[in-house]
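This briefing sets out selected contacts, salt bridges and surface features of one structure. Please consult the sequence and the model alongside the points below.

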Amino acid sequence: MTRVQIPLAKPLFDEREVEAVRRVLASGWVVQGPEVEAFEQAVAVMHRARHCIAVTSGTTALHLCYLALGIGPGDAVFIPSFAWPSAANMAVMCGARPVYVDVLPGTYNIDPADLRRRIAECTTHGWGRPRAVVPVHEFGLASDLASVGEIARQHGMELIEDGACALGATYHGRPVGTFGRLGVFSFHPRKAVTTGEGGAVVTNDDALAERCRMLRNHGQVFAEGRRDFVEAANNYRMTEIQAAIGRVQLEKFPEILATRRRLVAGYLARLSDLRGARLPTADREHTWQTFMVVLDDDQDRDDVVKRLSARGIGAGAGSVAGHAAKVYRQRYGYTDSDLPVSLRLDRQGLALPLHASMTDAEIDLCTQALAAELRA
């Protein structure tokens, strides 16, 4: 088999990250110290939030949000199906019921009309009290926050933004993350900014910020100079090593984002006449964590991935339809056909290589290979 020469994703590391790690190791302070504090401040400033709470992953950030809001048994949380299952998994971990919502075929984001239908269905069947909606800003494009936010307000629900893929994204010029009371980000290696693993909660609510900080650190508080544990909680602390890497990555972010947008413009121009696939919705506020096309139904996505790999191109599936996963079919009775747009994106979505180390020549190779394989 041909070795992959153009990987699907690749972090942009250099000697600056190496030096940042060396600095932390030399200091002897490797967890929850000044690097984490500085990283949190930088993320908060970027998203115009008063508080940022750095944690171990975007998934644990979601878990903290649910815990901080008291979401649990008897509650229903509405989540787009076409997204990584973190938001649904953490709802289950809290004892709440995830209710999947279909997405829009062009943006891949939550469909407000279907959200209304699912809320009505939840109420009719007694699945739980509609408590929160979690719009996922899929691949770096903000969801329709005006519509989703209005639906949340009408039903007295919390709005928790899942911006795992959307660091630095904006909605009508305003950074995502604080349209509701809580928002989350991820710093997984496929993201534009990575700390290896890592995540963050952002909020403008002082009380929620204090609660999230307590819950990420064993339920620990300090009063009158003494330590106490006021709740049984987990350890979700980010390390100093991760935060030091993240600070360097944040300094690079404007360059990384500009490069990603330039590369995507190249993809869109070169694929404008492509037959056999639909291109994603282009938007000037998109941050493009992933560039995914949707193959026509007569194309076998998995076979196309194999054939591109044989050409040295590391393409892959875009994301997953959570409602089609075994655990949610068994637990709640979902069938594949329940959310047809999400299922089609799961089966036919093809992610093409995209990272800040790519060249225009590599975009040429990827687009030419894809066009050739779809004609084959």
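Which residues does I363 touch, not counting residues up to four places away in sequence? I363 touches L263, G266, Y267, R270 and M358, where contact means heavy atoms within 4.5 Å. This is a predicted model, in which local features need pLDDT of at least 70 and side-chain atom pairs count only at pLDDT 80 or more, while totals for chains, interfaces and linings use all residues. Residues are numbered from 1 along each chain as its sequence is written, and side-chain values use heavy atoms, with hydrogens and water left out.

- I363 lies in helix α12 (residues 360-375); helices (H or I, at least four residues) and strands (E, at least two) are DSSP runs, numbered from the N terminus.
- I363 is buried at 1% relative accessibility (buried is under 20% relative accessible area, exposed over 50%, partly exposed in between; 1.4 Å probe, protein chains only).
- Q299, in the loop between β13 (291-295) and α9 (301-310), is buried at 14% relative accessibility.
- Not counting residues up to four places away in sequence, Q299 touches G276, V304, Q348 and L374.

**Salt bridges**
- The count comes to 26 salt bridges, each defined as a side-chain nitrogen of Lys or Arg within 4 Å of a carboxyl oxygen of Asp or Glu.
- K252 pairs with D14, with 3.1 Å between the closest N and O atoms.
- K252 lies in helix α8 (residues 240-270) and D14 in the segment before α1, so the pair ties together parts that are 238 residues apart in sequence.
- K252 is buried at 1% relative accessible area, whereas D14 is partly exposed at 30%.
- A network of salt bridges links D14, R16, E17 and K252.
- D364 forms a salt bridge with R270, the closest N and O atoms being 2.4 Å apart.
- This pair links distant parts of the chain, with D364 in helix α12 and R270 in helix α8, 94 residues apart.

**Helix α5**
- In α5 (residues 112-125), the residues P112, D114, L115, R118, I119 and C122 are buried.
- R118 and D114 meet in a salt bridge (3.0 Å, N to O), and the two residues are 4 apart, about one turn of the helix.

Methods: Expected span 1.5 Å × (residues − 1).
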